Amino acid sequence: LIYHYRKPKTKRAKRFLEKREPKLTENTKNAMLIKGGNANLTVTEVLKDIYAVKKPFAVLYKKKNITRPFEDQTSLEFFSKKSDCSLFLFGSHNKKRPNNLIIGRMFDYHVLDMIELGIEKFVSLKDVKNSKCPEGTKPMLIFAGDIFDLNEEYRRLKSLLIDFFRGPNVPSVRLAGLEYVLHFTAVDGKIYMRSYKVLLKKSGCKIPRIELEEMGPSLDLVMRRTHLASDDLYKLSLKQPKALKAKKKKNISHDVFGTTYGRIHMQKQDLGKLQTRKMKALKKRPAEKSVEDGGSSPKKTKSA
């Protein structure tokens, strides 16, 4: 099922295809959450909670889909085209890999990279009896642990989690809008995911006192299998169109303090021909004109 080459018959279909055409500034990435053919209650609840966090930029498939992403990726690519989603989260459960999650992303409707995570502990949104953030709240992402910068697999996982939870790009943020925190900690071979609601308390001055209240969901994860794209393909996926690149302005420089300096190129000016304001006091006398022309002023002889 390929939408790109289907000729539209109605205006509505034409608008639908135009939305899926490549753009200079892409839309916010959508995620599809798919339940495997043997998913248990824990995996199902995890998918529902992640869907609640990700809404409205997510699609939850409630029916079970018998597929194995690491062996066959055609079904994921089909669902990606159908729902126009470039991110996915697949949940499954079996004896060899219990409580299994596979998080990944697409590039040109093909799987770019995916990482398999095992759920060791899970606390649902319903189990935490605290107030929740409104739907569609953009989270603040915090990563703790040196391994996120030292290990290539963890570095790619960090990039994948940022891509999955970052939400829409916004030009400005108000202080009251910073009310949701997603915290990821990597230590001793485990990844701890915690979500908090930010509470702004009175502090007696303009700057409020910040408190974090656990909101859920809470996950203890361990990394299992990985399927990472090659360096060349990963570099190609990060390529931006030339129209988005800022053009370099000539003769403009900046110093360490952020001051902008500009260099102006001008032709050589003849100040002698500069037009000044015409005033009687500045008018040249005949004697001055003859001196400028190279002649000498005649001396008057006294008459006897």
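Is Cys205 buried or exposed? Cys205 is exposed, at 53% relative accessible area. The close-ups below come from a predicted model, where local features need pLDDT of at least 70, side-chain atom pairs count only at pLDDT 80 or more, and totals for chains, interfaces and linings use all residues. Residues are numbered from 1 along each chain as its sequence is written, and side-chain values use heavy atoms, with hydrogens and water left out.

**View A. Cysteines, but 0 disulfides.** Cys85 is buried, with a relative accessible area of 2%, whereas Cys205 is exposed. Here buried means under 20% relative accessible area, exposed over 50%, and partly exposed in between (1.4 Å probe, protein chains only). The disulfide count is 0, going by cysteine sulfur atoms within 2.5 Å.

**View B. Strand 4 and its two antiparallel partners.** Strands are DSSP runs of E, at least two residues, and helices are runs of H or I, at least four, numbered from the N terminus. Strand 3 (residues 87-92) is joined to strand 4 by 6 bridges, with Gly91 opposite Leu101. On to strand 5 (residues 110-123): 8 bridges tie strand 4 to it, and Gly104 has Met114 as its bridge partner. Two strands pair if DSSP finds at least two bridges between them. Strands 4 and 5 make a hairpin with 2 residues between them, and Asp108 in the turn has a positive phi of about 55°.

View C. Lys55 and Pro56 are joined by a cis peptide bond, omega about 5°; Pro56 sits in the loop between helix 2 (41-54) and strand 2 (58-65). Asp84, in the loop between helix 3 (74-83) and strand 3, has a positive phi of about 55° without being a glycine. Asp84 is partly exposed at 29% relative accessibility. Asp188, between strand 7 (180-187) and strand 8, also isn't a glycine and has a positive phi of about 55°, but Asp188 is exposed at 74%.

**View D. A nonpolar surface patch that includes Leu200.** Patch residues have over 30% relative accessible area and no salt bridge; nonpolar side chains (Val, Leu, Ile, Met, Phe, Trp, Tyr) are joined within 5 Å, like charges within 9 Å. A salt bridge puts a side-chain nitrogen of Lys or Arg within 4 Å of a carboxyl oxygen of Asp or Glu. Leu200, in strand 8 (residues 190-201), is partly exposed at 38%.

Conventions: Areas by Shrake-Rupley, 256 points an atom, 1.4 Å probe, with all protein chains shown as cover.
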